[in-house]
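We will go from annotated stretches to one pair of helices, and end at a single side chain.

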Amino acid sequence: MDVSPILISMKTAAVSILVTFFLGVFCARLVVGLRSARIRMVLDGILTLPLVLPPTVAGFFLLYIFGVKRPVGQFFLDYFGVKIAFSWSATVIAAVVISFPLMYRSARGAFEQVDRNMVDAARTLGMPEGRIFWRVVMPMALPGVASGGVLSFARGLGEFGATAMIAGNIAGKTRTLPLAVYSAVAAGNMESAYGYVAIIVAISFIVVVAMNYFTMQENRRGRKAKP
């Protein structure tokens, strides 16, 4: 069994979750802080759109944006000498785009459940907004945010459709675990397919256990907060 899909998938998921986590937390904080309900609704719809789009359609848009003959793809190629489409970087972009809505919505839900009285109390003490966020809001919302991070990691690891569209299925370069399963089955190599599937199932089980743990922590904190 070729181990390169495992390494590529783990590297892609590790890099993508770093981007997705901070971007999702930033956008969630931005949306929650908006006063206009209409702007919040529109922005929320835009940020959540990749969650409801078929992955191949999301991949099509990414290929349209980052293709070598498109303005963004041409810019990176001309000024940085980097070809994004059908490269390992494309697997990271696909994973970030597809997994981002899960991180964003989890973080947003966690921030909305934070006790506003604690935030107001911190403001009366003269704490700046940035410090309030990291010292008050984030610790209280941490279980929900962490659960979203775990779920986003798994989603990025299991991404197939968008990755196939923008990164292709290049052995040793862009072939991730889901693409390796597809390729092995198409080639009739069921032994390798079984091995890849077993790895994905094991990782998925670990993700479910981690999510249940963070959900339990969040529920326990919620019970303690009640008078």
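Start by selecting residues 12-34, 46-66, 86-104, 132-154 and 193-214, which UniProt, in an unreviewed entry, marks as "transmembrane region". UniProt positions follow the numbering used here, feature names are shortened, and annotations may be inferred rather than shown by experiment. This is a predicted model, where local features need pLDDT of at least 70 and side-chain atom pairs count only at pLDDT 80 or more, while totals for chains, interfaces and linings use all residues. Residues are numbered from 1 along each chain as its sequence is written, and side-chain values use heavy atoms, with hydrogens and water left out.

Now zoom in on two of those stretches. Residues 132-154 are 100% helix and 0% strand, with end C-alpha atoms 30 Å apart. Residues 46-66 are 90% helix and 0% strand, and there the end C-alpha atoms lie 19 Å apart. Helices (H or I, at least four residues) and strands (E, at least two) are DSSP runs, numbered from the N terminus.

Over residues 6-215 the chain is 80% helix and 0% strand, and the end C-alpha atoms are 28 Å apart.

The C-alpha trace spans about 65 × 40 × 25 Å along its principal axes. Of the 227 residues, 39% count as buried (under 20% relative accessible area; exposed is over 50%, partly exposed in between, with a 1.4 Å probe and protein chains only).

How do α1 and α2 cross? Select α1 (residues 4-32) and α2 (residues 37-52): their axes come within 10 Å and cross at roughly 160°. Axes are lines fitted to C-alpha atoms, for helices over the stretch in contact, and angles run from 0 to 180 degrees between N-to-C directions. The angle therefore makes α1 roughly antiparallel to α2 (over 145 degrees). Show side chains for Cys27, Leu30 and Val31 of α1 and Arg40, Leu43 and Leu47 of α2, which make the contact (heavy atoms within 4.5 Å).

For the last stop, pick Ser204 in helix α10 (residues 190-225). Finally, draw a C-alpha to C-alpha distance from Ser204 to Arg155: the two are 49 residues apart in sequence and 9.4 Å apart in space.

Methods. Parallel < 35°, antiparallel > 145°, perpendicular 65-115°, else oblique.
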